[in-house]
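Please keep the sequence and the structure in view.

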Amino acid sequence: MTILVTGGAGFIGSNFVFYELKSHPDDRIVCLDKLTYAGNLETLAPVMNQPNFRFVKGDICDRDLLDWLFQEEHPDVVVHFAAESHVDRSIEDPDIFLRTNILGTAALLDACRTHGIARFHQVSTDEVYGDLPLDRPDLLFTEETPIHASSPYSSSKASADLIVMAYHRTFGLPVTVSRCSNNYGPYQFPEKLIPLMIANALADKPLPVYGEGLNVRDWLYVEDHCKAIDLIIRQGKVGEVYNIGGHNEMRNIDIVRLICQALGKPESLITHVTDRKGHDLRYAIDPAKIHRELGWLPETSFRDGIRQTIQWYLDNKPWWEHIVNGEYQAYYEKMYGARETLKG
Ligand code: NAD
Ligand code: TYD
């Protein structure tokens, strides 16, 4: 079958492209990506010349382009990763988040309706559920947890999820939705917590922890996420939402300390800075449904995954140094230059 992967030049999308080409060599993968600051064609270089892979540069909001592409490729399945994905950027400038994440998703859904599709899979996030209190470890997000998004990013993803489900109910479009916890692994853009801290620590730069660093995230190795999506598009039930997570809750400060330790860097690099506006306290996924119905379980422990990830960033310095030395400098200055250093 032919799978259209949107956002395949980004972090999770590229890992998904690699996973699909490796595990289903008879399938054809067409990647549609606008190559925003977060998309990187270098990442896809190893598969660019494979006969069953095609890269198309373009915007998911461009309806004419979508019509042309669907007519050319007749995708059986669309796996929709393309999005603006960074909470801090959404706080600075929400507009592009609304355009890409909401209107872009709607444009794709319309192309699927017009041209026919066996499955549209929406790659969503646990952030649509809002946050959980720090002092109630018994509470987890289930698929029944009401949507209660906090940031412009998460509310744009929540809006997209609602539109996807509306196209299922109203037009009978065969959709599935997955909501995953925080991912880490190779090819993550160094604006996100783990690669940012690795890159800064290697350069002996301050490690900017928002507030006290007590916020909790539920970390999952990216390949485990890709395996879960693969299972959902092949065996998942149309019209269903699946939560994906590995019961691996960690406080930000503990992650940053672990990175210092792994790289032999002093914890004195840790700098507490002004907290993120509206900062979600805790995310924690209950993955019982995907385990029960599709047999999915995470395969990589955090201990192994973080070791492999740090090693990947050590082995692939040109990939991220290229980013860190480019436009990213201006971004870093804008986002962190104005943050006040808090007394430790
Ligand atoms: P990313 O920012 O690394 O990659 C996004 C990709 O989408 C980039 O290649 C970018 O060029 C492309 N893109 C952006 N706007 C586009 C447009 N208008 N048209 C076409 N392509 C466009 O993001 P990621 O971390 O890989 O996340 C991928 C998806 O997974 C997102 O939908 C995100 O909401 C979701 N998700 C991410 C996480 C996480 O921890 N990173 C967790 C759960 C869900
Ligand atoms: P991030 O990787 O941006 O993912 P998300 O906000 O989608 O969970 O951030 C993960 C956590 O790390 C979040 O609680 C914010 C915090 N954080 C910092 O403390 N410092 C930083 O420089 C960044 C980027 C994030």
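**The surroundings of ligand 2**

In this model, the side chain of histidine 279 places an N or O atom 2.7 Å from an oxygen atom of ligand 2, a polar contact, that is, a pair of N or O atoms within 3.5 Å. The model is a predicted one, in which local features need pLDDT of at least 70, side-chain atom pairs count only at pLDDT 80 or more, and totals for chains, interfaces and linings use all residues. Residues are numbered from 1 along each chain as its sequence is written, chains are lettered from A and ligands numbered from 1 in the order in which they are written, and side-chain values use heavy atoms, with hydrogens and water left out.

Taken alone, ligand 2 exposes 520 Å², of which the protein buries 97% (accessible areas by the Shrake-Rupley method with a 1.4 Å probe).

Around ligand 2 stand 19 residues, and Glu127, Arg217, Arg276, His279 and Tyr336 come nearest; a residue counts as near if one of its heavy atoms lies within 4 Å. By class, this shell has 9 nonpolar, 5 polar and 5 charged residues, where Ala, Val, Leu, Ile, Met, Phe, Trp, Tyr, Cys and Pro count as nonpolar, Asp, Glu, Lys and Arg as charged, and the others, Gly among them, as polar.

Definitions and conventions. A polar contact is a pair of N or O atoms within 3.5 Å; within protein, one must be able to donate a hydrogen and the other to accept it, and residues adjacent in sequence count only if both atoms are side-chain atoms.
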